[in-house]
Structure formats: C-alpha cells, structure tokens
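User: Got a model here that I'd like to talk through. Can you take my questions one by one?

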Amino acid sequence: MQKKTHNPTPWLQGFGLNHGIEVSGGTRTLYLSGQTASDAGGNPMHPGDMAAQYKAAWQCLLDALASADMDATNIVRLNFYVTDMAAFMTSAEEIMPIHAATGAQISSTLLGVKELYHPDIMVEIEATAVA
C-alpha cells in the first residue's frame with residue numbers, strides 16, 4: 001500500500017493534518033466506530049478533561065486497529081466529534097501531536113455536536129484505516 005498526501009495550502013499541516021490522502025495498492029479497508037474514553041463496561045472516564053478523554057479514546061482506537069493487525073500508520077481519516085469546541089481547541093496543542101508520535105498521517109474533520117452517548121463524554125473519534 002502506498003499513501004500520498006495532498007496539501008494545496010499548508011495551514012492544516014501545522015496541526016499534523018492533511019487536506020487529503022490518496023491510497024493506492026491497499027487490499028483491506030477498516031471502518032471503525034466512534035471511540036470514546038470509556039472503560040470495558042462502557043462507563044465514561046475522565047469527566048471534564050478533554051485531553052485525558054482524547055488520549056483514552058485514542059488508545060481505544062489503537063486497540064481496535066491492533067485487533068485487525070493494523071496500527072496508526074494505517075489510518076487515513078479521522079473524524080472528531082466534540083461537545084465542547086473551546087475545550088478541544090484549548091487542548092489541541094497537547095492532543096494533535098499524539099497522531100504524529102504514532103506515525104499517523106491523517107485527513108480529518110472536526111465537528112461540534114450537542115451531545116454524545118453520555119453527558120460526561122466530550123469527544124468521540126471515528127477512523128478509517130487501509131492496509
């Protein structure tokens with residue numbers, strides 16, 4: 001599999017994001033459900049802490065990838081759903097480098113939503129990965 005990034009303007013790269021990622025030669029595509037900061041029983045973790053919730057949701061996403069014999073380098077798209085945009089943007093300097101540290105090159109959409117499955121959940125990460 002080969003990936004090629006497309007960035008007609010550079011501003012997203014400052015966040016570790018790309019405008020687009022072209023994949024060729026891939027043989028498997030994994031569509032992941034939204035991952036949250038939830039324990040094995042589905043109970044929310046880290047209420048009120050956007051960065052901690054993001055890190056926990058990211059780990060859940062990595063675990064789901066591993067179950068398909070993939071890792072962060074296979075991710076081509078992430079969608080972020082957040083209930084508090086200001087808290088996400090305040091935490092962005094801590095959150096966004098997580099992707100690059102694991103070798104992920106992503107395209108992304110950030111969406112503000114009214115609520116997620118539980119009032120204490122502030123962020124949900126949805127991914128597509130290709131191998």
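This is a predicted model: local features need pLDDT of at least 70, side-chain atom pairs count only at pLDDT 80 or more; totals for chains, interfaces and linings use all residues.

User: What is the strand order of the open sheet?

Analyst: There are 5 strands in this open sheet, and their pairing is mixed. One of the pairings joins strand 2 to strand 6 (residues 106-112), parallel and over 2 bridges. Within that pairing, Leu17 sits opposite Ile106. Read across, the order is 2-6-5-7-4.

User: Which strands stand at the edges?

Analyst: Look for strands with a single partner, because one side of such a strand is left without a neighbour in the sheet. That picks out strand 2 (17-18) and strand 4 (29-35).

User: At what angle does helix 1 run to strand 7?

Analyst: Helix 1 packs on the sheet, where it touches strand 4, strand 5 (75-82) and strand 7 (123-130). Compare the direction of helix 1 with that of strand 7 and you get about 30 degrees.

User: And helix 2, which strands does it lie across?

Analyst: Its direction makes about 145 degrees with strand 6. The strands that helix 2 lies across are strand 5 and strand 6.

User: How many residues does helix 1 have, against its reach of 26 Å?

Analyst: From first C-alpha to last, helix 1 reaches 26 Å. At 1.5 Å a residue the expected value is 26 Å, and the helix comes close to that. The residue count is 18.

User: What covers the buried residues of helix 1?

Analyst: The buried residues of helix 1 include Tyr54, Trp58, Leu61, Leu62 and Leu65. Among the elements covering the buried residues are strand 4, strand 5, helix 2, helix 3 (97-101) and strand 7.

User: Which residue caps the N-terminal end of helix 1?

Analyst: Check the backbone nitrogen of Ala51: a side-chain oxygen lies 3.3 Å from it. The residue that supplies this oxygen is Asp49.

User: Which side chains meet in a salt bridge?

Analyst: Searching the whole structure turns up 1 salt bridge. Its N to O distance is 2.6 Å, and the side chains involved are those of Lys55 and Glu94. This pair links distant parts of the chain, 39 residues apart, with Lys55 in helix 1 (residues 50-67) and Glu94 in helix 2 (residues 85-95). So the names you want are Lys55 and Glu94.

User: Why does Lys55 count as partly exposed?

Analyst: Buried would need under 20% relative accessible area and exposed over 50%, with partly exposed in between. Lys55 counts as partly exposed because its relative accessibility is 37%.

Key
Residues are numbered from 1 along each chain as its sequence is written. Side-chain values use heavy atoms; hydrogens and water are left out. A salt bridge is a side-chain nitrogen of Lys or Arg within 4 Å of a carboxyl oxygen of Asp or Glu. Helices (H or I, at least four residues) and strands (E, at least two) are DSSP runs, numbered from the N terminus. Buried means under 20% relative accessible area, exposed over 50%, partly exposed in between (1.4 Å probe, protein chains only). Two strands pair if DSSP finds at least two bridges between them. Contact means heavy atoms within 4.5 Å. Axes are lines fitted to C-alpha atoms, for helices over the stretch in contact, and angles run from 0 to 180 degrees between N-to-C directions. The expected span of a helix is 1.5 Å times one less than its number of residues. A polar contact is a pair of N or O atoms within 3.5 Å; within protein, one must be able to donate a hydrogen and the other to accept it, and residues adjacent in sequence count only if both atoms are side-chain atoms.
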